[in-house]
Amino acid sequence: MTQPYDLITMGRIGVDIYPLQTGVPLAQVETFGKFLGGSATNVAVAAARLGRRSAVISRTGRDPFGDYLHQALRDFGVDDRWVTAVDAYPTPVTFCEIFPPDDFPLYFYRRPKAPDLVIRPEELDQDAIAAARIFWITGTGLCEEPSRSATLAALEARAKVGTTVFDLDWRPMFWGGEGGASGDGGATGAAAMATARPYYEAALRHVTVAVGNVDEAEVATGLREPKACAEALLDMGVELAVIKQGPKGVLAVHRDGRTAEVPPTPVEVVNGLGAGDSFGGALCHGLLAGWELAQMMRYANAAGAIVASRLACSSAMPTADEVDAFLAGR
């Protein structure tokens, strides 16, 4: 490696099987499309589409879907050298239903265990992780061993050098709870949050940026009011807290006292599932460029809105020219 990566992400990878029909229950869908998926992977793709040199640390099954993911990563310009195969488990697939503007149920097929949760500490390229300009981890990486120990080991190797981002990424079903990607996790939500919180707190001690919606911030802080969540995250050691508020926009609070609250960018929503990952890749792009908070939040909002107006996730990630043109038209 001659130069450090702009961004290395660590976490989920899989195949998204998305219906090519909207407003139709999954049981009645007749045609599907196959896409590269997984939150951490989508963030790496989003950054690569914006011209950043990115790589992902993850694992697949040793199967045709795993082969497809490697090819898709290369096609998107994301380095796949740290995506390795696990013999024992199949590559995960994820189905969704698409009911615009705000109902997109997800169905994860990650049992008996997802390969991306079999990342082991001894397999990490700690020098590359330490050298990357931005290192990105997710809450899902903390939900099971050995991924949990590997994630914390990577953070320790990173030692808060450069920018280290924690995507709070709350998926209750990965922690023994119910519910979808966010929300209270049904009747078992409180117990799932209580299980996750100590590991979130441990990770927060090693990161410089925390990003998530109010539900995700509640897992880390026990609070739900956005400003209080942001301040609690700063108290837990981060330098920048980014709280996504859905229709109320996004709040960013920096330890040095700077704040930015930016309204959402209205679009006709087709599929909202990839918007947060596009936001994350654009956030990294802005952090690398040294932008002011308000500019960075407007840009990330725009990138997320573009993906929300499209069907897929990874293949919907916008280029810099597309984001610039979108903002110019507002």
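## Chatting through the model

Colleague: Which residues does threonine 265 touch, not counting residues up to four places away in sequence?

Modeller: Threonine 265 touches Asn301, Ala302, Ala305, Phe326 and Arg330. Bear in mind that this is a predicted model.

Colleague: Okay, and where is threonine 265 found?

Modeller: Threonine 265 sits in a loop, the one between β14 (259-262) and α8 (275-289).

Colleague: Buried or exposed, that threonine 265?

Modeller: Threonine 265 has a relative accessible area of 16%. The cut-off for buried is under 20%, so threonine 265 counts as buried.

Colleague: What about helix α9, how many of its residues are buried?

Modeller: In α9, 13 of the 16 residues are buried, so the helix is mostly covered. The helix runs over residues 293-308.

Colleague: And how far apart are the end C-alpha atoms of α9?

Modeller: They're 22 Å apart, which agrees with the 22 Å that 16 residues should span at 1.5 Å a residue.

Colleague: Switching topic: how many disulfides does a search of the whole structure find?

Modeller: The search comes back with 0 disulfides. For cysteine 96, the nearest cysteine sulfur belongs to cysteine 313 and is 7.4 Å away.

Colleague: Are cysteine 96 and cysteine 284 buried or exposed?

Modeller: Cysteine 96 is buried, at a relative accessible area of 0%. Cysteine 284 is buried too, at 1%.

Colleague: Which residues is valine 209 in contact with, leaving aside its neighbours within four places in sequence?

Modeller: The list is Thr163, Thr164, Val165, Phe166, Val238, Leu240 and Leu287. Valine 209 itself belongs to strand β11 (residues 209-213), and it's buried, with a relative accessible area of 4%.

Colleague: How far is valine 209 from aspartate 102 in space?

Modeller: They're 27 Å apart, C-alpha to C-alpha, and 107 residues apart in sequence.

Colleague: Next up, the backbone. What kind of peptide bond joins proline 100 and proline 101?

Modeller: A cis one, with omega at about 10°. Proline 101 is in the loop between β7 (93-96) and β8 (106-109). Another cis bond joins arginine 111 and proline 112, with omega also about 10°. Proline 112 lies in the loop between β8 and α3 (126-131).

Colleague: Where are lysine 160 and aspartate 169 in the chain?

Modeller: Lysine 160 is in the loop between α4 (147-158) and β10 (163-167). Aspartate 169 is in the loop between β10 and α5 (189-204).

Colleague: And their relative accessibility, what is it for lysine 160 and aspartate 169?

Modeller: Lysine 160 is at 34%, which counts as partly exposed. Aspartate 169 is at 2%, so it counts as buried.

Conventions:
Residues numbered from 1 in each chain as written. Predicted model: local features only at pLDDT ≥ 70, side-chain atom pairs only at ≥ 80, totals over all residues. Heavy atoms only, no water. Helix = DSSP H or I, 4+ residues; strand = E, 2+ residues; numbered from the N terminus. Buried < 20%, exposed > 50% of the residue type's maximum accessible area, 1.4 Å probe, protein only. Contact = heavy atoms within 4.5 Å. Disulfide = S-S within 2.5 Å. Expected span 1.5 Å × (residues − 1).
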